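Please read them with the structure open.

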There are 2 protein chains.
Amino acid sequence: MSRTALKSSKLLNFANIYQSLSKRYASKLVYKEYGDPVKVILKEEDPELSPGPKEVLVRMLAAPVNPADINTIQGKYPSKPPLPAIPGNEGVGVVEKAGPEVSTIAEGDRVVPLTANLGTWRTHLVLPTSNVLKVPKTLGLVEASTLTVNPCTAYRMLRDFAPLKPGDTVIQNGANSACGQNVIQICRSWGIRTVNVVRNRPEIDQLKAYLTDLGATYVLTEEEIRSTKIFQTEKLDKPKLALNCVGGKSALEIMRYLQNGSPIVTYGGMSREPLTVPTSALIFKDIQAVGFWMTRWSKENSDSVERLEMFEELISMMTNNDLKGPAYEMVKFDNYSEALMNTMTVKGMIGKKFILDFS
Amino acid sequence: MSRTALKSSKLLNFANIYQSLSKRYASKLVYKEYGDPVKVILKEEDPELSPGPKEVLVRMLAAPVNPADINTIQGKYPSKPPLPAIPGNEGVGVVEKAGPEVSTIAEGDRVVPLTANLGTWRTHLVLPTSNVLKVPKTLGLVEASTLTVNPCTAYRMLRDFAPLKPGDTVIQNGANSACGQNVIQICRSWGIRTVNVVRNRPEIDQLKAYLTDLGATYVLTEEEIRSTKIFQTEKLDKPKLALNCVGGKSALEIMRYLQNGSPIVTYGGMSREPLTVPTSALIFKDIQAVGFWMTRWSKENSDSVERLEMFEELISMMTNNDLKGPAYEMVKFDNYSEALMNTMTVKGMIGKKFILDFS
């Protein structure tokens, strides 16, 4: 046996041991009824998985806990997976085994599962190649595992509702949200100016500095936006697009500054107040109040060129450091309850993302 | 001189006398400041008008007083004509003289002025041929003089916001409004079913019968729509389009029944309450809250094929008796104050249109 063959054989051997070890410990989180996540979520062993001819076996590396995951488990989210269900919508993994007919993805490739409600909170899953996106290893684990919801939501809202060009203005509330931070960075990258509204708070100067550092053109509190003169004094065009994740008065305030014929796109309702639109804004200003839900878009565009272009552009922004992943904390898979509780009680300036770490 | 020639000469003579008489008495209404229409509107003599090479001199026959005319005179409407201004947006007249280069329109033709804020409350006006629509004499004066606002608003809202086909459902509030009645009749003509919501009132049975007679599929009060089971029991598809001229709770009620991905189009706000849209309706049901303003559409489509097709189809419906003009009362031009006051204090089951009569 040559040295190379020996080395290779040893490596294979090591890989086999590793594989069998990780298989032995294959496990998943699961819930059999809707309810309080900390109570209804259980950890179970998972049967040994093997990919079909056109499938890959993925060993998960990281999967975030999103607020929508919590709502889904509570049964409060519109898309209700049949029970029992494995939670988790996002994540990144490594291909451990590829089926014999798989040619586009190889073992060792890093991949992001693409379909919603696949259940990413488990150590291993088998997916058809059409349901995974190969991502470069230069893409950080945090960025890769949180790619498909917030960055994509920000990207689509900026692409699909108004014909934005460099120099144009976008206004948003809840600008410190995970999605809001993506909006700021994508706009900076595209030369679009952003007016960012946040709630007042003790550490407001720190928050303003943080968002300005991300690329925000202006950051104003809810009180400041009401009487701002920036559209008169700053040679700033009125916004062609408003993004709303708050609702109520906050939404009304950002809507007020829109150019005639522009949309306000709602993707969240943190105030729990509905959107209120003056009749005159609809009729005479031609303001359009619409909504955006990434889950629906992905379902309707699963095979579209636009989707692949989006991933390519976002990943390129991320690897160029133009788009940062969220503030985060890795939590060992075994300590999943901690990640659930922290996500449910999240406080502070920037919502931190808790990411399950399967290593 | 033959008898025919004599007759013809007499007629011509009569026409000349008539023409000079009517010219001598050419007059207009005018306002020099915004305010209470009864106070600020004055009647003045108008100088003798003569058409340019590509213009026609139109002698007005009838011109309605619309609520928007009142708001314009009060200075409360978004489109503010420079002062002094001649009020009136709609009407029908007869071409008294055509300029030498006019070939498409002849003296004696009946025409409808097409541009907003032309000022139709006057006995004579000169218009470029591009600003008039020739209408058949079989079209009633009432229908012709009220063609360009309410029927066109109804037509465009039904054409431009949802891909409606026979058997589909449209829901609307304020169904007894002038526009609402047009919606009912156009839908009947196109095979579209309508769910019509009106306020409860002592003569509700009479109103329901009136609207059903116009072609309404269902007529329900604001209270009845809240708990209706027609979408479960009547083999009635959920609406693909909601039309709102009320706002507030009424709008919320009709929005509730919309199919996912459908628009609610606001064209009025009679309750003076804004539109309230639940966040979940925007995000998860993909409901789009938009507005429609006929004035803007006409401005943006002044030369469009769609506009001519619309007039053709509406006039054809009207001459076939598929589309009736509004309930109305003719008021002699001299008694214009009466028409203004009655429009401002309009009450009753069906808003009656007061039409200035220049004969």
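**Notes on the predicted model**

1. Axes here are lines fitted to C-alpha atoms, for helices over the stretch in contact, with angles running from 0 to 180 degrees between N-to-C directions. Helices (H or I, at least four residues) and strands (E, at least two) are DSSP runs, numbered from the N terminus.

2. Which residues of α3(B) and α14(B) meet? On the α3(B) side they are B:Pro67, B:Ile70 and B:Gln74, and on the α14(B) side B:Leu340, B:Thr343 and B:Met344, contact being heavy atoms within 4.5 Å. By class, this contact holds 4 nonpolar, 2 polar and no charged residues. Nonpolar covers Ala, Val, Leu, Ile, Met, Phe, Trp, Tyr, Cys and Pro; charged covers Asp, Glu, Lys and Arg; the others, Gly among them, are polar.

3. On provenance: this is a predicted model, in which local features need pLDDT of at least 70 and side-chain atom pairs count only at pLDDT 80 or more, while totals for chains, interfaces and linings use all residues. Residues are numbered from 1 along each chain as its sequence is written, chains are lettered from A and ligands numbered from 1 in the order in which they are written, and side-chain values use heavy atoms, with hydrogens and water left out.

4. Chain A has a helix pair to set beside this. The axes of α3(A) and α14(A), the latter residues 336–344, come within 9 Å and cross at roughly 100 degrees. That makes α3(A) roughly perpendicular to α14(A). A:Pro67, A:Ile70 and A:Gln74 of α3(A) make the contact with A:Leu340, A:Thr343 and A:Met344 of α14(A). The residues of this contact divide into 4 nonpolar, 2 polar and no charged.

5. Strand β12 of chain B (residues 263–266) is covered on both faces: B:Pro263 and B:Val265 are buried on one side, B:Ile264 and B:Thr266 on the other. Buried means under 20% relative accessible area, exposed over 50%, and partly exposed in between (1.4 Å probe, protein chains only).

6. What pairs with β12(B)? Strand β11 (residues 241–244) of chain B runs parallel to β12(B) and is joined to it by 3 bridges; strands pair if DSSP finds at least two bridges between them. B:Asn244 has B:Thr266 as its bridge partner in β12(B). From β11(B) the chain passes through helix α10 (residues 248–256) to β12(B), a right-handed β-α-β crossover, that is, with the strands pointing away from the viewer, the path from the first strand over the helix to the second runs clockwise. Strand β14 (residues 288–291) of chain B also pairs with β12(B) in the parallel sense, over 4 bridges, and B:Gln288 of β14(B) stands opposite B:Pro263.

7. In chain A, A:Thr266 is placed in strand β12 (residues 263–266). A:Thr266 counts as buried, at 0% relative accessibility. Neighbours within four places in sequence aside, the contacts of A:Thr266 include A:Asn244, A:Leu275 and A:Val290 in chain A, and B:Thr279, B:Leu282 and B:Ile283 in chain B.

8. Helix α10 (residues 248–256) of chain A has A:Gly248, A:Ser250, A:Ala251, A:Glu253, A:Ile254 and A:Met255 buried. The cover over the buried residues of α10(A) includes β8 (169–172), β9 (193–198), α8 (222–226), β11, β12 and β13 (275–277) of chain A.

9. A cis peptide bond joins A:Leu83 and A:Pro84, with omega about -5 degrees; in chain B, the bond from B:Leu83 to B:Pro84 is cis, with omega near -10 degrees. A:Pro84 is in the loop between α3 (67–74) and β4 (92–98) of chain A, and B:Pro84 in the loop between α3 and β4 (92–98) of chain B.

10. Positive phi values occur at A:Lys235, about 50 degrees in a residue that is not a glycine, and at B:Asn321, near 65 degrees. A:Lys235 counts as exposed at 80% relative accessibility, and B:Asn321 counts as exposed at 62%.

Notes
Angles under 35 degrees count as roughly parallel, over 145 as roughly antiparallel, 65 to 115 as roughly perpendicular and the rest as oblique.
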